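Q: Please show me how to read this structure, one feature at a time.

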Amino acid sequence: MTDETIFAEWREAMVIEQIERRGIRDPRVLEAFRRIPRHEFVPPALRSRAYDDGPLPIGKGQTISQPFIVALMTSLLQLKGDEKVLEVGTGSGYQAAILSLLAKWVYTIERYDVLARRAEATFKRLGLKNITVICGDGTLGYPEVAPYQGIIVTAAAAAPPPPLLEQLDEGGRLVIPIGDYLGQILQVWTKSGGRVDYEDILPVSFVPLRGRYGWSPQAWERY
Ligand code: SAM
């Protein structure tokens with residue numbers, strides 16, 4: 001068996017055992033997880049663990065999230081295929097790659113240049129053409145092409161950054177972990193009639209969101 005055949009078997013097991021069995025049933029979401037090769041997004045030395053049921057290190061003290069959490073956050077956006085989506089926290093690029101199969105355009109922002117460039121190279125290698133990678137502070141959003149029908153933040157904040165709520169389209173959904181290193185809750189914020197409202201989903205554990213509307217290292221540790 002080739003490596004690719006083994007990875008495909010592990011990927012199928014990941015979809016069934018870690019994602020579908022835990023309640024993610026949207027066929028478009030499941031198909032996206034079947035198509036995107038997660039092993040392309042982890043460091044070469046960790047490829048044999050790419051389909052494990054947990055996060056993995058990707059360098060710069062950052063992580064690629066657990067497959068189930070990526071699937072849950074993706075499904076909470078309720079994408080139909082014609083949306084413009086903003087991701088804050090490109091990391092490995094795996095989440096953006098999944099989104100690229102479910103939305104029309106994906107804009108993803110990463111603060112570490114080395115991670116942004118590596119993700120961009122991976123998208124190119126895989127032929128994913130509808131993703132734009134921006135290196136910068138994602139808490140400011142990317143007003144150039146706003147509004148977004150979906151926004152996903154893959155690092156924990158004290159509160160949703162105001163620019164992201166401003167750049168959310170009417171009827172749009174913002175998925176974001178809120179909290180600190182002691183505890184976080186995944187929330188979905190929706191905008192309707194100019195009002196924003198949120199719903200708690202489940203406890204999660206993410207690295208801190210930095211930047212203008214994120215945690216400072218001192219505040220994260222002191223809290
Ligand atoms: N979505 C990623 C994936 O699929 O691999 C996982 C993201 S990792 C849990 C969180 C990422 O958010 C890290 O790469 C970190 O550098 C980035 N980050 C934190 N604060 C940020 C900010 N203000 N702007 C952009 N990226 C930020």
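**Reading the fold**

A: Start with a pair of side chains: Arg195 forms a salt bridge with Asp197, and their closest N and O atoms are 3.4 Å apart. A salt bridge here is a side-chain nitrogen of Lys or Arg within 4 Å of a carboxyl oxygen of Asp or Glu. The model is predicted: local features need pLDDT of at least 70, side-chain atom pairs count only at pLDDT 80 or more, and totals for chains, interfaces and linings use all residues. Residues are numbered from 1 along each chain as its sequence is written, and side-chain values use heavy atoms, with hydrogens and water left out.

Q: Are Arg195 and Asp197 buried, exposed or partly exposed?
A: Buried means under 20% relative accessible area, exposed means over 50%, and partly exposed lies in between (1.4 Å probe, protein chains only). Arg195 is exposed, at 56%. Asp197 is partly exposed, at 42%.

Q: Why can such side chains pair?
A: Side chains of opposite charge can pair when their charged atoms come close.

Q: How many salt bridges does the structure hold?
A: It holds 8. One of them links Arg47 to Glu40, with the closest N and O atoms 3.3 Å apart. Arg47 is partly exposed at 28% relative accessible area, whereas Glu40 is buried at 17%. Salt bridges with shared partners join Glu40, Arg47 and Arg125 into one network.

Q: How far apart along helix 5 are Glu120 and Arg117?
A: They are 3 residues apart, so about one helical turn separates them. Their side chains meet in a salt bridge (3.1 Å, N to O). Glu120 is partly exposed at 34%, and Arg117 is partly exposed at 35%. Helices (H or I, at least four residues) and strands (E, at least two) are DSSP runs, numbered from the N terminus.

Q: How do I read a sheet?
A: Strands of a sheet pair through backbone hydrogen bonds, either parallel or antiparallel. Two strands count as paired if DSSP finds at least two bridges between them. In this model, 7 strands form an open sheet with mixed pairing, in the order 5-4-3-6-7-8-9. Strand 5 (131-135) and strand 9 (195-204) are the edges, each pairing on one side only. From one strand to the next, the twist averages 15°.

Q: How many bridges join strand 8 to strand 9?
A: There are 9, and the two strands run antiparallel. Strand 8 covers residues 183-192. Thr190 has Asp197, in strand 9, as its bridge partner.

Q: Where does helix 5 lie?
A: Helix 5 (residues 113-126) lies across strand 4 (105-110) and strand 5. The helix runs at about 165° to strand 5. Axes are lines fitted to C-alpha atoms, for helices over the stretch in contact, and angles run from 0 to 180 degrees between N-to-C directions. Contact means heavy atoms within 4.5 Å.

Q: What should I check in helix 1?
A: Check its span. The expected span is 1.5 Å times one less than the number of residues. Helix 1 (residues 3-20) has 18 residues and reaches 24 Å from its first C-alpha to its last, close to the expected 26 Å. Next, look for a bend, the angle between axes fitted to the seven residues ending at a residue and the seven starting there. Helix 1 has a kink of about 25°, centred on Met14.

Q: Which residues of helix 1 are buried?
A: They are Phe7, Arg11, Met14, Val15, Gln18 and Ile19. These buried residues pack against helix 2 (27-35), helix 3 (67-76) and helix 4 (94-100).
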